[in-house]
Amino acid sequence: KEAIGGRRLAVKSPCISVCDMGDEGLCTGCFRTLEEIATWGAMDESRRLQVISRLDLRRNQSRNKADG
């Protein structure tokens, strides 16, 4: 996390405004579940970081399936 004036910035949403729930229950833009998207605003930073940490794996798994 970056700090400005000694304050830590909140974990930003991974949303890229490509909001489409794919067949596997993940947004095809940010790779979050509908539950993760819906509860993002209420999550503390620790929980948000847990979600963020899973997104690369989900993205890679999705691409691997698309590649056959």
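## A loop residue and its surroundings

Apart from neighbours within four places in sequence, K12 is in contact with W40 and I52. The model is a predicted one, and in it K12 is found in the loop between strand 2 and helix 1. K12 and W40 stand 28 residues apart in sequence, and their C-alpha atoms are 9.7 Å apart in space. Is K12 buried or exposed? K12 has a relative accessible area of 68% and is therefore exposed, since the cut-off for that class is over 50%.

As for pairs of aromatic rings, the count comes to zero.

If neighbours within four places in sequence are left aside, F31 is in contact with L26, L55, R58, R59 and S62. F31 and M21 are 10 residues apart in sequence, and the distance between them in space is 8.8 Å, C-alpha to C-alpha.

Which residues make up the largest nonpolar core? This core has six residues in all, namely V11, F31, W40, M43, V51 and L55. In soluble globular proteins, nonpolar side chains tend to be buried together.

## Two residues with positive phi

S17 lies in the loop between strand 2 and helix 1, and at 66% relative accessibility S17 counts as exposed. S17 has a positive phi although it is not a glycine, and a positive phi is found for F31 as well, which is not a glycine either. Most residues other than glycine have a negative phi. The values for these residues are set out below.

| Residue | Phi | Relative accessible area |
|---|---|---|
| S17 | about 60° | 66% |

## The chain as a whole

The protein has two helices and two strands, which follow the pattern β-β-α-α when read along the sequence. Of its 68 residues, 24% count as buried. Among contacts between residues at least 6 apart in sequence, 37% join residues at least 24 apart. The protein exposes about 5,100 Å², and carbon and sulfur atoms supply 50% of this area.

How far the predictor's confidence extends along the chain is the last point. The mean pLDDT of the protein is 88, and 87% of its residues reach 70 or more. Where in the protein is confidence lowest, and where is it highest? Confidence is lowest in strand 1 (residues 3–4), at a mean of 52, and highest in helix 1, at 97. Where pLDDT is low, the predicted coordinates should not be read in detail.

Definitions and conventions
Residues are numbered from 1 along each chain as its sequence is written. This is a predicted model: local features need pLDDT of at least 70, side-chain atom pairs count only at pLDDT 80 or more; totals for chains, interfaces and linings use all residues. Side-chain values use heavy atoms; hydrogens and water are left out. Contact means heavy atoms within 4.5 Å. A nonpolar core is a set of buried Ala, Val, Leu, Ile, Met, Phe, Trp, Tyr and Cys residues joined through side-chain atoms within 4.5 Å. Buried means under 20% relative accessible area, exposed over 50%, partly exposed in between (1.4 Å probe, protein chains only). Rings of Phe, Tyr and Trp (its six-membered ring) pair if their centres lie within 6.5 Å; planes under 30 degrees apart count as stacked, over 60 as edge-to-face and the rest as tilted. Helices (H or I, at least four residues) and strands (E, at least two) are DSSP runs, numbered from the N terminus. pLDDT is the predictor's confidence in each residue, from 0 to 100. Accessible areas come from the Shrake-Rupley method with a 1.4 Å probe; for residues, only the protein chains shown count as cover.
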